[in-house]
Amino acid sequence: MTEQSPTLDNLLTETRTFPPSEEFTAQANATVELYAEAEADREAFWTKQAERLDWDTRWSQVLDWSNAPFAKWFVGGKLNVAHNCVDRHVAAGNGDRVAIHWEGEPGDTRTITYAQLKDMVCQAANALTELGVRAGDRVAIQLPMIPEAVVSMLACARIGAAHSVVFGGFSATALKSRIEDAQAKLLITADGQYRRGKPAPMKANTDEATKDTPSIEHVLVVRRTEEEVPWTEGRDLWWHDVVERQSTEHTCEAFDAEHPLFILYTSGTTGKPKGILHTSGGYLTQAAYTHHNVFDVKPESDVYWCGADIGWVTGHSYIVYGPMANGVTQVMYEGTPNTPHEGRHFEIIQKYGVTVYYIAPTLIRTFMKWGAQIPGRYDLSSLRVLGSVGEPINPEAWIWYRENIGGGRTPIADTWWQTETGGIMISPLPGVTSLKPGSAQRPLPGISAKVVDESGQEVGRGGGGYLVLDKPWPGMLRGIWGDEQRYVDTYWSRFADQGYYFAGDGAKYDDDGDIWLLGRVDDVMNVSGHRISTTEVESALVSHPTVAEAAVVGASDPTTGQGIVAFVILRGDVAEDQAKGEEAIRALRDHVAQEIGPIAKPRQIMVVPELPKTRSGKIMRRLLRDVAENREVGDVTTLADSSVMDLISAGLQSDK
Ligand code: 6R9
């Protein structure tokens, strides 16, 4: 690495490390040799990973990058994704293995084996065919976290139709624009969904969305809450009428490795959402490979649980495709973590003996806020691997997670990736890596990433800059649906000379060359010429015993360019009036100065009851910037709970 002036100041230093235990290493799927093997011959490495799957026709070329940045992986290969996720496990004699332990929010449960799942997917595939859906068509899915969501996705994959899953909480407008952009032919939805203990309508929302979407020929409706629903004769059909009468036999066709598997919309910073396109062979290879190694899964004995929603890429790759390609048993939970009480997740872990648990830092910090006494009431000793995804995990949250949920013994995989990357890219390997709380550490074997400065030069150890991916990878997006130019512009133009993929994240190397993610580059603050990452200041705040969660923004400042404004949520056990007092705020500001230096001392700290977050748990700093700069708060439609901003504003008013 060449020494260059860093693009981001490297402020917070964290020196705790956690080497793997010998027992874990002895049984781990991943070994340290994987890195050297992938380094020696990337294509041979990925060939071996693709051989995890059943292929109908073998590929003739591993990677065709001749038309970069449009990649083709496993050229000429043919496979059926649903066959790989379901049928082959049944054929191998594992049909009786539980695929899904489903836990409904109101307490109802379902247990579905791989053999039953195969029947359900075949019936749904037959139903979709009867409704005129063909290979190459698009199907929109807006469903709660119920088994039919997984079945619908796999049924689409089985017949070669691309699914476009839309979050259950998204508005009619959001659903409509996604249906229109993909020209979806069918919408699969439910009568209603349970949210925080109460049924809420869903079909009423989707009807609003499909009022004026001529591409939609039918709406297939799963009965979940038994709400009264508006109904359009001829167009609307009940799942239980159409799917359940179908044959459980369905012969699947093999599709090209580059056949579209799904489109998933992710919000751009400006303009309309981008339909991220993923294809079949390379995507499934990466999902299966990463799931096997990062979570160390043993299909015969593990009970895996990913707490994501199916409407997020994490639900696609690490509830549906990765785990199912690997034939594991998993838990799927329908509801919110505090329904009916704050111990719900831990109760589920205890009930099913969950061994691998994968959630977002936002939930970890929520658990911290609720207090360690809650997980303390349950037997969590079955857990052996923990994972984190979605945002940088603050070192303190990492330590809390390991101590209070992982019993002080489990490895934690801090997994960095994006909707666009399809699968995990940067993560420690349990049993191999000495863990550093807060760092995603190294690209996985077979994956290449760098931290570069403005001009695309790699920064040296201790330097900060932009994260780029400098070599194509099998699970990479193949484009933005219907907009090739936007794909090139968004991801490949920033470092066009070098041919790097621009991830949009700030990052730094530590002195060992490990990577630390520092948040989106649009969140970087500039204080008196110092480029400071929001993540580092947030981590310093969260390391104070009174703080559960923090969000930091840069607000324009007449003297320093930007000033640091922090919003903090206090831990459950801290008396609020005491912590809100001037004295306490001063202590917090001093704490930050002490942890990372006076330059990072927040200009202002506000105590708030909640933070604005998207459904995948990402803090929407843009809205907090509006508050910090006394502007009217902007568009809140992608917030999980749009009333949060009112709560924050009301709280701040009453403080004045
Ligand atoms: C999987 C997912 C992608 C963005 C990404 C980055 C942030 C995700 C992270 C992380 C630091 C991690 N992100 N994982 N930042 N450490 N372990 O979240 O996809 O919803 O597309 O978001 O999330 O900023 O660029 P997506």
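Start by selecting strand β11, residues 218-222. Four of its five residues are buried, so the rest of the structure largely encloses this strand. Buried means under 20% relative accessible area, exposed over 50%, and partly exposed in between, with a 1.4 Å probe and protein chains only. Strands (E, at least two residues) and helices (H or I, at least four) are DSSP runs numbered from the N terminus.

Before moving on, note that this is a predicted model: local features need pLDDT of at least 70, side-chain atom pairs count only at pLDDT 80 or more, and totals for chains, interfaces and linings use all residues. Residues are numbered from 1 along each chain as its sequence is written, and side-chain values use heavy atoms, with hydrogens and water left out.

**The strands beside β11**

β8 and β11 pair in the parallel sense over five bridges; pairing takes at least two DSSP bridges between two strands. Zoom in on Ile188, which stands opposite Leu220 in β11. Then find Ala190, whose bridge partner in β11 is Val222.

Now show β12, residues 236-238. Three bridges join β12 to β11, and the two run parallel. Val219 stands opposite Asp236 here.

Select β6, residues 138-141, next. β6 runs parallel to β8, joined by three bridges. Val139 has Leu186 as its bridge partner in β8.

**The nonpolar cores**

A nonpolar core is a set of buried Ala, Val, Leu, Ile, Met, Phe, Trp, Tyr and Cys residues joined through side-chain atoms within 4.5 Å. The largest one holds 136 residues; Leu117, Leu154, Ile310, Tyr321 and Leu467 touch the most other members. Helix α6, residues 147-159, gives the most to this core, with nine residues.

Centre on Ile310. Beyond its neighbours within four places in sequence, Ile310 has contacts (heavy atoms within 4.5 Å) that include Met145, Ala149, Val150, Met153, His316 and Met332.

**The cavities**

The whole structure has four cavities of 30 Å³ or more. On a 1 Å grid over the protein atoms alone, a cavity is a set of points where a 1.4 Å probe fits but cannot get out; lining residues have an atom within 4 Å of a point. Points are joined across faces, edges and corners, and volume is the space filled by probe spheres set on them.

Go to the largest cavity, of about 100 Å³. Of its 14 lining residues, Leu12, Gly438, Trp516, Thr535 and Ser539 are closest to its centre. β25 (515-520) and α17 (534-542) each give two or more residues to this lining.

Finish at the second largest cavity, with about 60 Å³ of space. Select its lining, including Leu79, Asn80, Cys156, Phe255, His259 and Ser280. α6 and β14 (260-266) each supply at least two residues of this lining.

Notes: 1 Å grid on protein atoms, 1.4 Å probe; cavity = no way out; pocket = protein on both sides within 12 Å on 5 of 7 lines; lining within 4 Å.
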